[in-house]
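Me: I would like to go through some helix packing terms in this model. Please set each value against its definition.

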Amino acid sequence: MDTTLNAPVSLKERIGSLDVLRGFAVLGILLMNSVSFSMVFAAYENPSVYDDLTGGGWWTWLTLHLFTDQKFMTIFSVLFGAGVCIFMERAEAKAHDAWQLQLSRMGWLLFIGLVHAYLIWYGDILVSYAVAGVVIAFVRKWKPRTLLLLGLFSAIGITLCINFLFGLMFSYWPPELLEEMRSSSDLTSQQNVSEIAAYTGSWFDQLWHRVPMSLMMHLFFVPMFIFWRAVGLMLIGMALYRWGILSAKQSVKFYVTMVIVGLLVGLPLIGVGVWQKSINGWDPLKHYIDGNWNIVGAVFVAGAWIGLVMLVCKNQWFPFARKALAAVGRMALTNYIGQSLICTYLFYGHGLGWFGQVGRVQLLGIVAAIWIFQIIFSLVWLRFFRFGPLEWAWRSATYMKLQPLLVSSPS
């Protein structure tokens, strides 16, 4: 019996540029997620909540909004779509039942995501990815051009329409509900006071806020907003993978063009959105319409980031940085969940309880420290083990067979 039939992809089969880009995305995601861990929900989009409209707080918010907000999640979604293609192609090449494995893989990812969302952090993205990962598998063999166009339509077209219509619907909402939404900008509002009390309290205190937030995410935000965005970006990722863009196979000129066009188109669009938010007084009711500029701009700026990383990989620049990012990328699931465990300990009441006490500038230092820890941890771990701990558990569950873990163990 061929033992490779129940084995996942080997290290030799990995595409190095994808690991580097995945590590880059996982670390970058923390720049924005750390805000959700350390501040009230409304502060993610609205710098006025903590009066970060001047000085270092303002420039930190603006820089992150321009270059990171939605950008690294876009890259991560693109990579997930490419990963579905790679996983099912290689499964078929090894005479596996590709669909059975994909359903098993996404089912276990759904389980991990639900545990993450309800027991650790409501901002989980894995549940959405698990659902979208099944849907996009149906069209993985379509032509790249078709995947790209359909992806753009879903990630941008449908998302813009939903945001615009949702923003217009506010005029029909009850006044008391609208006032409650507007009060999210005020730290002394009942909802913000309750959130602060929950996350500076015990783990059980947090549960009373986290469970309703996760339910709202899964029953409302995922089907209304996140699903369409995720599916579209994953389809774009499939097209980019099929064209060899994510494996650094295109020319240097191609990637330089990606960087230049991405920044020249994306940054002005996002800038217009910031200007609109400002002249509207950072009104939460205008968020869905004003935020549309970033929905579009983020795709272009993410493209610029992808082009830059591919240039680094193609030209073999910064060998240690590439090695470090590739290690983090090979352990992306472990590092993603690990960030949640570290941040909830730092900011929530069951740990150090820094919730609401750390400014945006200080937060950058904390993020940098976590990056250094995860890079060192990933490099050291992979000297002895083939996969990260969660990657090993996920793979073993997917194949219903314990996978070899030690580097020295036979395949």
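Me: What makes the crossing of α3 and α9 right-handed?
Reply: A crossing is right-handed if the near helix is turned clockwise from the far one by less than a right angle, and left-handed if anticlockwise. The crossing of α3 and α9 is of the right-handed kind, whereas α1 passes α3 in a left-handed one. This is a predicted model, where local features need pLDDT of at least 70, side-chain atom pairs count only at pLDDT 80 or more, and totals for chains, interfaces and linings use all residues. Residues are numbered from 1 along each chain as its sequence is written, and side-chain values use heavy atoms, with hydrogens and water left out.

Me: Why is α3 called oblique to α9?
Reply: The two helices, α3 and α9 (residues 203–242), pack at about 60°, with axes 7 Å apart. Angles under 35 degrees count as roughly parallel, over 145 as roughly antiparallel, 65 to 115 as roughly perpendicular and the rest as oblique. Therefore α3 is oblique to α9.

Me: How do you know that α3 and α9 meet, and which residues of α9 are involved?
Reply: Contact means heavy atoms within 4.5 Å. On the α9 side the residues are R229, L233, M234, G237, M238, L240, Y241 and R242; those of α3 include T74, F80 and E89.

Me: What makes L21 stand out in the largest nonpolar core?
Reply: A nonpolar core joins buried (under 20% relative accessible area, 1.4 Å probe, protein chains only) Ala, Val, Leu, Ile, Met, Phe, Trp, Tyr and Cys residues through side-chain atoms within 4.5 Å. The largest has 101 residues, and L21 is among those with the most contacts inside it, with I75, L246 and F347.

Technical notes:
Helices (H or I, at least four residues) and strands (E, at least two) are DSSP runs, numbered from the N terminus. Buried means under 20% relative accessible area, exposed over 50%, partly exposed in between (1.4 Å probe, protein chains only). Axes are lines fitted to C-alpha atoms, for helices over the stretch in contact, and angles run from 0 to 180 degrees between N-to-C directions.
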